[in-house]
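Please open the model in your viewer and keep the selection panel at hand.

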Amino acid sequence: MEWKQENTALFIQFVKFGMVGLSNTVISYALYAGGLLLLRRFGLFGGADYLAAQTVAFILSVLWSFYWNNRFVFRLEEGGKRSLWKALLKTYVSYSFTGLFLNGILLVLWVRVLHISEFAAPLINLLFSVPLNFLMNKLWAFKSG
């Protein structure tokens, strides 16, 4: 019975993580698109405006995820302690690994090796990056102590 309760709690936590991730995706895209429009309107960064917009979107959307994961998904039990700055740094590291490094490698695999559509490939990546990111956040970034 205890095993079932633990798995149910873990599943609920994963669903909450997915909800935060979905909101993060929307926030990230809105920041990217809005930033890109602003940078182009004012002629800033020239041909690298999309990279600047992506950088700002990444920094702010990971901060958004950190806030909601800390408050909603990986809450500390009473008496638990966590260094917020350390957890924030670890969150950026985990999102950088899955969001930049892993997704880049997988995109090359799907598109260049397996000839999967460039539009479908990022969706396939979610099957790998979301569970891995959940584990990295649960077991490392938001680990109490």
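Which helices each supply at least two residues of the lining of the largest pocket? Select α1 (2-41), α2 (49-73), α3 (84-113) and α4 (121-141), each of which does so; helices here are DSSP runs of H or I with at least four residues, numbered from the N terminus. This is a predicted model, in which local features need pLDDT of at least 70 and side-chain atom pairs count only at pLDDT 80 or more, while totals for chains, interfaces and linings use all residues. Residues are numbered from 1 along each chain, and side-chain values use heavy atoms, without hydrogens and water.

A pocket is an open set of points on a 1 Å grid where a 1.4 Å probe fits, with protein on both sides within 12 Å along at least five of seven lines, and lining residues have an atom within 4 Å of a point. The largest pocket holds about 1,000 Å³ of space; of its 28 lining residues, select N24, T25, S28, N103 and L126, the closest to its centre. Helix α1 gives the most to this lining, with nine residues.

Next, select F66 and F142, an aromatic pair (ring centres within 6.5 Å) that is stacked (planes under 30 degrees apart), with 5.5 Å centre to centre and 20° between the planes. F66 lies in helix α2 and F142 in the segment after α4, so the pair ties together parts that are 76 residues apart in sequence.

Note on methods:
Points joined across faces, edges and corners; volume = space filled by probe spheres on them. Phe/Tyr/Trp six-rings, centres within 6.5 Å; stacked < 30°, edge-to-face > 60°.
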